[in-house]
Structures are given as structure tokens and as C-alpha cells.
Amino acid sequence: MEMTVPFQLANNTPLSLSPDFILPEFKRPILSKVFPSDSIPIIDLNDHEIDEGQGSSPLVSKISQACEEYGFFQIINHGVPKELCQKVLAVVTEFFQLPHEERAQYLTEDHTKQVKVFNYYQKYEGLGKVIMWSETFSHPWHPIEDFTHLLPTNPPQYREVFAEYAREIGALMDRLLSLISQGLGLEKDCLKKKIGERASLYSQANYYPPCPDPELTMGIPAHNDIVALTVLLQSEGVTGLQVIKDEKWVPVDPVPHSFVVNLADQIQVLSNGRYKSVDHRAVTNKWLPRVSLAMFYAPNNDIVIGPIEDLLDEEHPPKYRNYSYKEFMEEFYRQEGKRRRVKEAFELQR
């Protein structure tokens, strides 16, 4: 077997099974206990939506059920061209394959920077910091405004491909937010209005090189997404994403030409807990590198989030207090390095 050269992180550290990357025993993913028996729903967006005034459509019902039971679903026939999805994953992969010195220009621990390369880590009592087996590249996106001047010029086609992808994802996000709003029995544009017309939009590409022993490491630790909605594209033919269902980890195997949609904390709060923002994680594998590209849709700092009034009554009192998104993000950074429980800090005591 040929020896592969270890992946060099942007900070010039080789990924290796040194203590820096090995999880304490009680935190390791027990991959033998992950069964694909019950993965997340696959929803065909071509399922016809019934005209307004005709009652709920089968598509709205399926999405509503997935949001209540799983907080995650995969979508097919979503209208984003397959070639474009392949192109965007290719340029992102090329970015991570650039020499580490070139990626290092974006390396930062300052999360206020718009364009950044960083590594996830967890802090453990008595052990200090364990670095995750991955590298992350994050930057803004927008469906219509120009953001490409912020992006790398290498790979050469990165800017052009990403701008086209952002246009398509913008339209898809609008459609998903409309379907999710209808699933709650609200007006189509309700969630979009609540999250705010000037949403905060950013992308996060994660690169997971092969790992000699996936039982000892983690790609990204268990977490909830803190935004409102995430649309994720993942490499085909390589598994890694897992979500929690009935207290068990289930794999979200990539379905050809699909997206993974996951609800994040702001929609859980807006829906007063009816829709779920659930724990998920990324594990590593021995054989192939894996890439995932998450497009995030979040409120901007000034927006006030809280349970939507139309969803509240005597039987359904508010479960969360109102807060500004800025306050939410301050709480998020306060919990740096720990297993974060951010929305829980805004729960109203019963």
C-alpha cells in the first residue's frame, strides 16, 4: 500500500494521530453502534403543491412532519443544476488542496472576520484542547449582491462558480422558508419576514481528509446549527454526517443530486419548539476525503427573535424569551470550546 502524505493544515500542522487530535475515550464516536436503519426523510420537491385556498399540500405536510420529527430532511428535484453542484464542490476541494501557505492567508481565530480558515476544537477537563480532523473555510454569500471580491482568486474559477451557486441557493432558500412557514400554518412569507429582509448569509466548507483510525477522531463534534436554516451539499459516495434520532446516531448517507436541509436554532425558537434543531456531527473515514458545503441563512444582529405570536395560546405558552440575534451570538461565543447549549440559555422557566 502506498504511503499517503498527511494533510497539512493551513497552520502548517500535519494531521496525524498525535495526542492533539485523539479524543478522550468517553468522547469517541462508537461507529459500530451507528446503524443506517432509520435515516432522515427524502422529500421530492416536485411533489405538486396545491393551489392556495385548497388546503395543505402533500409536500407541505411531508416537510412539516420532517421538521417536527427529525429537524432534518434531504431534498431531490430541487431545481439546482447538477453540473453546478459538481462544479462548486470541485472548486471548494481545489481550495483545500492548495499549498498550506496559500490557505494560511485566511487563517484566523477572530470570528468577526468575514473570510476565514479555522479548525474546530473541543476543550476537555484535564486534557486541554483536542483539534478536530478537518479544516473549515467560511465566507459570505448573497443571491443578488456582489460578494465575490471577498473570495479567493485561486482556484481561478472560484468566484464565478460561487456567485452562480449563491443565486440558485437564494431561490431555493426562499422556497424552503415558504414551505416551512406553511407547515406551521402561517403565511408563506412569515418566516422570511421574522428572520428579516437583510438576512446574514454565509457559507462554510468543511474538508475531512482520510483518517487512519476514525474511531479515535471526530470531523466536527456534536452541535446544533445556530442560524435559522442550513442547506448542505455533501460529496457523493462518502459518508460522514450523522444526526441524532431517538437518542441514537443515524448516518445521513449522500443521495445523488440532493441537498440536506436542516433546521437551526432560530426556527426552533420561532416555532416555539414545534420544529426541531437537532444535534449532528461529522465522523471521519479511512479511505476518502470528504467535502461538505453548508449555506447558512441567519438573522442579522439587530433582529429580535422569539416565538411567533400566532403559534401561542393558553395550551402553547411561550417556551423562550425574546432576544436580539446579537445577544444570542454573544452567548454562543461565551460557550466557546464547550458543548454549546445556546438557545437553552433563553428558555423560560416553567
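Student: In this predicted model, is Phe 96 buried or exposed?

Tutor: A residue is called buried when its relative accessible area is under 20%. Phe 96 has a value of 1%, so this residue is buried.

Student: Let us turn to ring contacts. How many aromatic pairs are there?

Tutor: The count comes to 20 aromatic pairs. One of them joins Phe 7 and Tyr 207, with 5.1 Å from centre to centre and 50° between the planes, a tilted arrangement.

Student: Which parts of the chain does the pair of Phe 7 and Tyr 207 tie together?

Tutor: Phe 7 belongs to the segment before β1 (42-44), whereas Tyr 207 belongs to strand β7 (residues 200-208); the pair therefore ties together parts that are 200 residues apart in sequence. Phe 7 and Tyr 207 are both buried.

Student: What geometry do Phe 95 and Phe 96 adopt as a pair?

Tutor: Planes over 60 degrees apart count as edge-to-face. The rings of Phe 95 and Phe 96 stand at 80° to each other, with their centres 5.6 Å apart, and the pair is edge-to-face.

Student: Which residues form one aromatic cluster?

Tutor: The cluster consists of Phe 7, Phe 95, Phe 96, Tyr 106, Phe 137, Phe 147, Tyr 158, Phe 162, Tyr 165 and Tyr 207.

Methods:
Residues numbered from 1 in each chain as written. Predicted model: local features only at pLDDT ≥ 70, side-chain atom pairs only at ≥ 80, totals over all residues. Heavy atoms only, no water. Phe/Tyr/Trp six-rings, centres within 6.5 Å; stacked < 30°, edge-to-face > 60°. Helix = DSSP H or I, 4+ residues; strand = E, 2+ residues; numbered from the N terminus. Buried < 20%, exposed > 50% of the residue type's maximum accessible area, 1.4 Å probe, protein only.
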